[in-house]
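This report describes selected features of a single protein chain. Please consult the sequence and the structure shown below while reading.

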Amino acid sequence: MKKLLALSLLSLATSGALAAPVSGGSSSAYVQAAPSTLLALDTAGIAMPTTVGGIANFYAVVSFQAGPIAQTNGVLSGYGTSSAHITNPYNGVVTSETWKNKVAYDTEVFAYRQIAAPSPGFPQFGGEVIAKVAGAEVYFGEWAPVKPDPLPGNSTDLNLGSADRTVWYVGENPTTSMPTLVNAKYNVVGLSQYAPGTAGGVTSGVLTANYGSGSGSITGTLGSLNFSGTSISSNGTFSRGTNIEGRFYGSNAEALAGIYTAGSTKVAFGGAKQ
């Protein structure tokens, strides 16, 4: 444990100098998109609370690839709706239950249920769902606070019915200068209250982007969501009022991700260009 904490503190001390181009957004202060400061530096991750009831801590951002995804791949060799447990190797405590599945458009979905408190200084991941866009370091998903007295064994309850459920998106190499797009189609997956035991809560659709001469738009549907009226800005972001926000990733806008929020409806989405 001391070695792990020492390495973590070193990561925190050295993370600020050369921040990678990582950008994204979220629907609440509980989660914020940020370059990682733990386990691998400056890769895609999200800041989450490090105390129960807290808000995102930017000093403890765990790399998706080097952290939770690597842990899941270490205990689950294939895809499906069965789970496995992740154990802290330093004290033998089972910290989480995890799932790994593949849904539409080769999108990988990793889910986590916090069972025990994480190591000191590490995030309270509660109920966390991480989806990865195929072929890109672009992620989107959901977070909810840990349930009081979580079951020690098996359960599919990620507490995603919580009023504090947050949807988010983040990726490396954000598009900062939009290329010309003519009827560019993106295969997109959406997540809303993902159910790891059944892979429920997943939608899919095709969005079409057009951009040129400093303006553009996104049309199409994702499940019941219609993207008509979504505008693209020159810096690679897109939005529609207070309901839709997101951005493109890659120098040629090869991928996109974002969130839809309207009252209690919260959807995270992402996908790649056909």
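How many aromatic pairs does the structure hold? The structure holds seven; rings of Phe, Tyr and Trp (its six-membered ring) pair if their centres lie within 6.5 Å, and planes under 30 degrees apart count as stacked, over 60 as edge-to-face and the rest as tilted. The pair of Y30 and W143 is stacked, because the ring centres are 5.5 Å apart and the planes stand at 25°. Y30 lies in the loop between β1 (22–26) and β2 (32–35), whereas W143 belongs to strand β9, so the pair ties together parts that are 113 residues apart in sequence. Strands (E, at least two residues) and helices (H or I, at least four) are DSSP runs, numbered from the N terminus.

The model is predicted: local features need pLDDT of at least 70, and side-chain atom pairs count only at pLDDT 80 or more, while totals for chains, interfaces and linings use all residues. Residues are numbered from 1 along each chain as its sequence is written, and side-chain values use heavy atoms, with hydrogens and water left out.

The table gives the accessibility of three residues; buried means under 20% relative accessible area, exposed over 50%, and partly exposed in between (1.4 Å probe, protein chains only).

| Residue | Relative accessibility | Class |
|---|---|---|
| Y30 | 23% | partly exposed |
| N101 | 10% | buried |
| W143 | 2% | buried |

N101 is placed in strand β6 (residues 94–102).

In helix α2 (residues 65–75), the buried residues are G67, P68, I69 and T72.
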